[in-house]
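Below is a colleague's note on a structure, written for a reader who will want to check each point against the coordinates.

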Amino acid sequence: MRRVTRDQRATVKVKLNGRLVSGDAEPRMLLSDFIRHSLGATGTHVGCEHGVCGCCTVLLDGVAVRSCLTLAMQADGREISTVESLAANDGALNSLQQAFRNNHALQCGFCTPGILMSFTDFLKRHPHPSEEEVVEVLSGHICRCTGYAGIIAAVLEAAGSQNAKTGETL
Ligand code: FES
Ligand code: FES
């Protein structure tokens, strides 16, 4: 990471959802604000801004992080994936998004981008999760609407359909 003084702005270059993009950031600028305001990817939501609600979760080099607890400059030269990366170019939902639709796993949808990104990372590393493991990951997110049952069902359904596609069995 480059050295800059407290008020100096610097250009931060990232690969956002497969595209090289850049924007100016002050040293204290949060990654969540950089993604939304400088790069215009407003699918990432901001709630508590102190790491509790999880709705700002994005993937940084493939790993789920709270973008409200990460500085924009920490992402310089790295790869960011946001909720906008999940659907196909023609708008077709991926299996996790489709499972959320099937199971009524969202209502207002404010928490949904962060939950989708957390489970995108989680299912990659844990393709055969137990319900308890799903609940544990979900404990890092706050949803005011759903009561969580639909989200748990959706994640388990997505895991099943992803495994069916790759020919794996549980
Ligand atoms: S806005 Fe980042 S965890 Fe709530
Ligand atoms: S769907 Fe409304 S906060 Fe989760």
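The numbered points below go through the sheet, the helices, some loop residues, an aromatic pair and a pocket.

1. The model is predicted, and the values quoted in this note should be read with that in mind. Its sheet is open and consists of five strands in the order β2-β1-β5-β3-β4, with mixed pairing. The edge positions are taken by β2 (19-25) and β4 (63-66), each of which has a single partner strand, so one side of each is left without a neighbour in the sheet. From one strand to the next, the twist averages 40 degrees.

2. Within this sheet, β1 and β2 are joined in the antiparallel sense over seven bridges, and among the facing residues K13 stands opposite S22 in β2, while K15 stands opposite L20 in β2. The two strands form a hairpin with two residues between them.

3. On its other pairing, β1 runs parallel to β5, with two bridges between them, and L16 stands opposite I80 in β5. The side chains of a regular strand alternate between the two faces of the sheet. In β1, the covered face carries A10, V12, V14 and L16, whereas T11, K13 and K15 belong to the uncovered one.

4. Strand β5 (residues 79-81) is also paired with β3 (residues 57-60), in this case antiparallel and through two bridges. In this pairing, the bridge partner of L59 is S81 in β5. Helix α1 (residues 31-38) packs on the sheet, where it touches β1 (10-16), β2, β3 and β5, and its direction makes about 110 degrees with that of β2. Helix α3, for its part, lies across β3, β4 and β5, and runs at about 40 degrees to β3.

5. Which residues does T44 touch, not counting residues up to four places away in sequence? They are I35, R36, C56, V58, S67, T82, V83 and E84. T44 is found in the loop between α1 and β3 and is buried, with a relative accessible area of 2%. A further point to check is that T44 and P113, although 69 residues apart in sequence, are 6.1 Å apart in space, C-alpha to C-alpha.

6. S67, one of the residues that T44 touches, lies in the loop between β4 and β5. Its relative accessible area is 0%, so S67 is buried, the cut-off for that class being under 20%. Leaving aside its neighbours within four places in sequence, S67 is in contact with L30, L31, S32, I35, T44, C56 and V58.

7. Phi of E49 is near 60 degrees, which is a positive value in a residue other than glycine. E49 lies in the loop between α1 and β3 and is partly exposed, with a relative accessible area of 41%.

8. The structure holds one aromatic pair. The rings of F119 and F122 have their centres 5.8 Å apart and their planes at 90 degrees, so the pair is edge-to-face, given that plane angles over 60 degrees are assigned to that class. The two residues are three apart in helix α3 (residues 112-125), and are therefore separated by about one helical turn. F119 counts as buried at 0% relative accessibility, and F122 counts as buried at 6%.

9. How much space lies in the largest pocket? The computed value is about 180 Å³. The lining of this pocket is made up of V83, L93, Q97, F100, R101, L106, G109, T112, P113 and L116, and α2 (95-102) and α3 each supply at least two of the lining residues.

Technical notes
Residues are numbered from 1 along each chain as its sequence is written. Chains are lettered from A and ligands numbered from 1 in the order in which they are written. This is a predicted model: local features need pLDDT of at least 70, side-chain atom pairs count only at pLDDT 80 or more; totals for chains, interfaces and linings use all residues. Side-chain values use heavy atoms; hydrogens and water are left out. Rings of Phe, Tyr and Trp (its six-membered ring) pair if their centres lie within 6.5 Å; planes under 30 degrees apart count as stacked, over 60 as edge-to-face and the rest as tilted. Helices (H or I, at least four residues) and strands (E, at least two) are DSSP runs, numbered from the N terminus. Buried means under 20% relative accessible area, exposed over 50%, partly exposed in between (1.4 Å probe, protein chains only). Two strands pair if DSSP finds at least two bridges between them. Axes are lines fitted to C-alpha atoms, for helices over the stretch in contact, and angles run from 0 to 180 degrees between N-to-C directions. Contact means heavy atoms within 4.5 Å. On a 1 Å grid over the protein atoms alone, a cavity is a set of points where a 1.4 Å probe fits but cannot get out, and a pocket is an open set with protein on both sides within 12 Å along at least five of seven lines; lining residues have an atom within 4 Å of a point. Grid points are joined across faces, edges and corners, and a volume is the space filled by probe spheres set on the points.
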